[in-house]
Amino acid sequence: GIYELVDNKWRYIYSEIDDGIITTEFTSKDYYGGSYIVMIDEDYVEIRDISTHWARKELYTFLRRGYIKGDNENRYRPNEKLTRIELLLLLSKVQNWDLGKTRGVINKFKDCDTFAGYTDIINYAVNKGYMKGYKDGSFRPNQPISYNEIEAIIRKITGNSTFTWDKIAEDIMYEKYTRSQSRFGKDNHITRAEGVYLLHRLQELKRI
């Protein structure tokens with residue numbers, strides 16, 4: 001694939017191979033020059049259920065960047081609901097969180113014994129004010145996230161108080177010919193594919 005030098009690291013950009021030729025596309029507003037190389041990823045493991053998905057480009061890009069991976073069946077299950085901890089895992093990789101500088105706050109949550117290996121990530125997010133617990137004192141890492149919740153979280157992370165999921169849903173409809181379940185109400189839950197699409201869009205726009 002084709003890789004771009006970003007912050008002194010090589011980062012995969014979506015590439016296609018046809019008849020032995022590797023290509024990628026830039027819009028005129030996105031291209032500012034830069035350094036690019038072609039590399040072979042010998043550790044790459046294919047995910048079986050993204051090749052025909054509407055978010056194939058974004059899912060494949062995040063797979064090659066190491067942000068997502070398949071389960072023990074080499075599936076990502078992009079249409080399943082995105083959970084709170086899955087969102088934080090994605091954000092920690094996209095933004096390269098420094099988890100070594102977090103203050104311990106998780107003990108205040110009554111379900112902290114369910115956090116498994118995610119203690120540092122939850123600490124980081126809570127300390128930054130990106131996410132908080134529920135009124136009953138729980139954090140619920142495996143709770144699916146609603147479109148309303150994703151709006152609030154992204155506003156905090158980007159500092160953009162005008163961010164709205166509606167614009168993303170519109171982009172998905174016109175670019176991908178797919179309608180978000182948010183049309184039935186933003187209390188519905190965002191999917192993994194929609195979460196990846198959103199974060200890919202924000203990363204490409206250099207908002208996160």
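Predicted model: local features only at pLDDT ≥ 70, side-chain atom pairs only at ≥ 80, totals over all residues.
Three strands form an open sheet in the order β2-β1-β5, and their pairing is antiparallel. Strands β2 (9-13) and β5 (36-38) lie at the edges, each pairing on one side only. From one strand to the next, the twist averages 40°.

Strand β1 covers residues 2-6. Its antiparallel pairing with β5 rests on three bridges. Within this pairing, Y3 has I37 of β5 as its bridge partner. I2 stands opposite V38, also in β5. Toward β2, β1 is joined by five bridges, again with the strands running antiparallel. Here E4 has R11 of β2 as its bridge partner. The hairpin of β1 and β2 has two residues between the strands. In this hairpin D7 takes a positive phi, near 55°.

Helix α1 spans residues 56-64 and is mostly covered. Seven of its nine residues are buried. These are E58, L59, Y60, T61, F62, L63 and R64. Two strands of the sheet, β1 and β2, are among the elements that cover them. Helices α2 (84-94), α5 (165-176) and α6 (192-204) also contribute to this cover. After α1 comes G66, which has a positive phi near 85°.

Side chains of opposite charge can pair when their charged atoms come close. The model holds 15 salt bridges. One of them joins D136 and K110, with the closest N and O atoms 3.9 Å apart. The two residues are 26 apart in the chain and link distant parts of it. D136 sits in the loop between α3 (119-128) and α4 (147-158), whereas K110 sits in the loop between α2 and α3. D136 counts as partly exposed because its relative accessibility is 39%. K110 counts as exposed, since its value is 58%.

A second salt bridge brings together the side chains of E151 and K186, at 2.6 Å from N to O. This pair also links distant parts of the chain, 35 residues apart. E151 belongs to helix α4, and K186 to the loop between α5 and α6. With a relative accessibility of 6%, E151 counts as buried.

Another salt bridge connects two helices. D171 in α5 and R201 in α6 are 30 residues apart. Their side chains meet at 2.7 Å, N to O. Both D171 and R201 are buried. Elsewhere, salt bridges link D71, E73, R75 and R77 in a network.

Definitions and conventions
Residues numbered from 1 in each chain as written. Heavy atoms only, no water. Pairing = 2+ DSSP bridges. Helix = DSSP H or I, 4+ residues; strand = E, 2+ residues; numbered from the N terminus. Axes fitted to C-alpha atoms, helices over the stretch in contact; angles between N-to-C directions. Buried < 20%, exposed > 50% of the residue type's maximum accessible area, 1.4 Å probe, protein only. Contact = heavy atoms within 4.5 Å. Salt bridge = Lys/Arg side-chain N within 4 Å of Asp/Glu carboxyl O.
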